[in-house]
Amino acid sequence: MRTTMNISKYRTAIMGLAALWVWYFHCGTTFIQSGGILEKVEWYLQRIGFCGVDIFILLSGFGLYYYFEKHPLNNVQSLFQYYRRRLGRIYATFLPFTILFAYVKQWTFREFIGR
């Protein structure tokens, strides 16, 4: 009996963690101020936050492959519909949290756009 690994079962959760890791990398704020090992671990995880991009892109590629296998793009309308849904999912999730974080940290508009 052959078993296959169902990557889609965990893909969304791993992608979410990778996206939060990248977001945390760009925020540039530490939360632990203890001066101990936890602060060093947090600093290290923040410094290598770009690794979240690699994880996210790899898993996005899997997702795109499986999506286009099920829903091939047959015309321009289906392409625009795909982009509209994709951008809506991304910005609807992260923009409110980033705005809240910018308000709490009192970022200027330039800082908000830069981060």
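# Helix packing and selected residues

The crossing of α3 and α4 is right-handed. This description rests on a predicted model, in which the protein averages a pLDDT of 83 and 94% of the residues score at least 70.

**Confidence along the chain**

- Confidence is lowest in helix α2, which spans residues 37-47 and has a mean of 83, while the highest confidence belongs to α3, at 88.

**The pair α3 and α4**

- Helix α4, made of residues 76-105, packs with α3 at an angle of about 145°, and the axes of the two helices are 14 Å apart.
- On the α3 side, the residues that take part in the contact are Ser-60, Leu-64, Tyr-67 and Phe-68, and they meet Tyr-82, Arg-85 and Arg-86 on the α4 side.
- Sorted by class, the contact of α3 with α4 is made of four nonpolar residues, one polar residue and two charged residues.

**The pair α1 and α3**

- Helix α1 (residues 8-27) packs with helix α3 (residues 51-70) at an angle of about 150°, and their axes lie 8 Å apart.
- Because angles over 145 degrees count as roughly antiparallel, α1 is roughly antiparallel to α3.
- The crossing of α1 and α3 is left-handed, whereas that of α3 and α4 is right-handed.
- From α1, the contact draws on Arg-11, Ile-14, Met-15, Ala-18, Ala-19, Trp-21 and Val-22, and these meet a set of α3 residues that includes Cys-51, Val-53, Phe-56, Leu-59 and Ser-60.
- The residues of the contact of α1 with α3 comprise 12 nonpolar, three polar and one charged.

**Buried residues**

- Ser-60 is placed in helix α3, and because its relative accessibility is 8%, Ser-60 counts as buried.
- Leaving aside neighbours within four places in sequence, Ser-60 is in contact with Arg-11, Met-15 and Arg-86; Arg-11 and Met-15 are among the α1 residues that meet α3, and Arg-86 is one of the α4 residues that meet α3.
- Thr-98 has its place in helix α4 and is buried, with a relative accessible area of 14%.
- When neighbours within four places in sequence are left aside, the contacts of Thr-98 are with Trp-23, Trp-107 and Phe-112.

**Partly exposed residues**

- Leu-20, which is found in helix α1, is partly exposed, with a relative accessible area of 43%.
- Although Leu-20 and Phe-94 are 74 residues apart along the chain, their C-alpha atoms are separated by 9.0 Å.
- Leu-45 lies in helix α2 and counts as partly exposed, at 39% relative accessibility.
- The C-alpha atoms of Leu-45 and Trp-21 are separated by 8.1 Å, and these two residues are 24 residues apart along the chain; Trp-21 is also one of the α1 residues that meet α3.

**An exposed loop residue**

- Gln-106 lies in the loop between α4 and α5, the latter covering residues 109-114, and Gln-106 is exposed, with a relative accessible area of 68%.
- The backbone of Gln-106 has a positive phi of about 55°, although Gln-106 is not a glycine.

Terms used
Residues are numbered from 1 along each chain as its sequence is written. This is a predicted model: local features need pLDDT of at least 70, side-chain atom pairs count only at pLDDT 80 or more; totals for chains, interfaces and linings use all residues. Side-chain values use heavy atoms; hydrogens and water are left out. Axes are lines fitted to C-alpha atoms, for helices over the stretch in contact, and angles run from 0 to 180 degrees between N-to-C directions. Helices (H or I, at least four residues) and strands (E, at least two) are DSSP runs, numbered from the N terminus. Angles under 35 degrees count as roughly parallel, over 145 as roughly antiparallel, 65 to 115 as roughly perpendicular and the rest as oblique. A crossing is left-handed if the near helix is turned anticlockwise from the far one by less than a right angle, and right-handed if clockwise. Contact means heavy atoms within 4.5 Å. Ala, Val, Leu, Ile, Met, Phe, Trp, Tyr, Cys and Pro count as nonpolar, Asp, Glu, Lys and Arg as charged, and the others, Gly among them, as polar. pLDDT is the predictor's confidence in each residue, from 0 to 100. Buried means under 20% relative accessible area, exposed over 50%, partly exposed in between (1.4 Å probe, protein chains only).
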